[in-house]
Amino acid sequence: NIEDRARMADDFIQEAENDPEEEPANVVTFKMDLEAAFLLLTFFKEHVKWQCTRITDELLVYFLCGTFGWGGTPMAFQIITRTLVWELLNNEKWGFRGRVLMYVDDLMGICYKKDWEHNMGVIKALCESLLGKGCISDSKTEVGRRIDVIGYTLDLDQRRIGVARHNILKALYVSMRVDVDKPVAIHTMEAMAAHASRYKAVCPPLAPFARALHRSYRGVPRDHTVRLQTDAKRSVWLLRVLLVLMELRQTEYTKKLLAFRIKKSQPEYAIAFDGSLTGLGCLWYTISQGNYVAVGCCSIDISWMKLEVSDYQNLVEFLAFLIALRELIRRGCRGKSVALWGDSISALSWARKEAFKSDNCGLALMVYVMEKWLSELEIYDTMHLGHGDSYDENWRCDWLSRHRTREEVLAADLIDPRGSQLTEAMESWKVDETDLLTLCHPVWNVLETEEQFRVWWGNLLALLTTN
């Protein structure tokens, strides 16, 4: 997938930085493509029975070789894909110099500029030894500091990866065809949802909206139309905005290669959180060599939000985490990974997957994704803190969410039967995020029209970029 390619490029660039005889400017990326790839795959006669598809109730078609348009072919072709990659990386006979990955018939690699001609010859010789002469599509071979590969643009100068321009235009064309106030064809919604799902890997602000697009046509026959609900309309508006920004402001709305490394790196901070219908409780920890030290806590009153029914419980849990992350950013935490602890399985899942099932949390998740995107923070892992009859593993944050003080929590922590986690060094952090919480309110911000959404979106960006 694209994350593997981004990490491959970043790893090789870092090696170049640490090599006294080389420098990152000498690194190039390349791609090569197999000509009519699936037709290069032939099946043993005894295996043909497994390569078929039904045309009618009474008619089956059996394939003697790979074919385009059948869902099973890419799977069958993996025997060639894996063989080529293994030979290049493990068989010293070929003398390949660099890194390489392959997606079905699309080969992408990275190497030093001086090794490119050698590597191109090696790849061509290997492929032709297995698949016959002429199997490489020379017209599709590219090398440089910036290339498009499997629908994405990899830029080594900027050290970023984004959606290729031709795919941005395709997605923008589909989204601009939609009149959100009129019935929309199912195949159009399918296309938009597919674009949002695919490109959220390099533009995470797309993530919360893919689900609303998919849900808009679920259970409706493909030859029908559908009227869009508010969440789907909002998703269409935002998809348009982000697609334009990806093209016009590429250094801001593409993803750093380093971000894929950060996600896998050990966290330096941990956040524990809990929420009640009247308050939020947060604890912040620093992590060093496996040791966790509580450095801050807060108790935030949200009774003014009037979220008084249990339907909002998962939302307030998520708001507690959102505010805790926001405060960490305010204190200079950027470009790092963070561990997350809480007793709400839903809130932990939303934070990890950047997707939601509750309509109440849609705005809060939009805020979260943009906040995380602009700060270049990544969630390393999540841990569920159980709440049993005999012991609540998250009682400290629970107390804070119910307006207990730092001093009360510290005193109870000293006599905790499972051991103390806190010290007097833990500070009470003053946190005031009234404006941000207001933007997340599911009743006060209905956003039924494009103008309402534009104003809300502008207020969000102004808040996140000035504080």
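L319 and Y368 touch the most other members of the largest nonpolar core, which has 108 residues. Such a core is a set of buried Ala, Val, Leu, Ile, Met, Phe, Trp, Tyr and Cys residues joined through side-chain atoms within 4.5 Å; buried means under 20% relative accessible area, exposed over 50% and partly exposed in between, with a 1.4 Å probe and protein chains only. The model is predicted: local features need pLDDT of at least 70 and side-chain atom pairs count only at pLDDT 80 or more, while totals for chains, interfaces and linings use all residues. Residues are numbered from 1 along each chain as its sequence is written, and side-chain values use heavy atoms, without hydrogens and water.

**Nonpolar cores**
- L319 and Y368 belong to a core of 108 residues, to which α9 gives the most, with twelve residues.
- Contacts of L319 (heavy atoms within 4.5 Å), leaving aside neighbours within four places in sequence, are L280, M305, L307, A364, L437 and C440.
- Another core, of 32 residues, lies apart from the largest one and includes L41, A76, W94 and V100.

**α9 and α11**
- Helices are DSSP runs (H or I, at least four residues) and strands likewise (E, at least two), numbered from the N terminus.
- Helix α9 (residues 313-330) packs against helix α11 (residues 362-375) at about 20°, with the axes 10 Å apart; axes are lines fitted to C-alpha atoms, for helices over the stretch in contact, and angles run from 0 to 180 degrees between N-to-C directions.
- The two helices α9 and α11 are therefore roughly parallel (under 35 degrees; over 145 is roughly antiparallel, 65 to 115 roughly perpendicular, the rest oblique).
- On the α9 side the contact is made by L315, F318, L319, F321, L322, L325, R326 and I329, and on the α11 side by A364, L365, V367, Y368, E371 and S375.

**α7 and α15**
- Helix α7 (residues 230-248) and helix α15 (residues 450-466) pack at an angle of about 55°, their axes 10 Å apart, and are therefore oblique to each other.
- R234, W237, L238, R240 and V241 of α7 meet E450, F453 and W457 of α15.

**I136**
- I136 sits in the loop between α3 (116-131) and β6 (142-144) and is buried, at 7% relative accessible area.
- Not counting residues up to four places away in sequence, I136 touches M32, D33, L34, E35, K124, C127 and T141.
- I136 and S346 are 210 residues apart in sequence and 48 Å apart in space, C-alpha to C-alpha.
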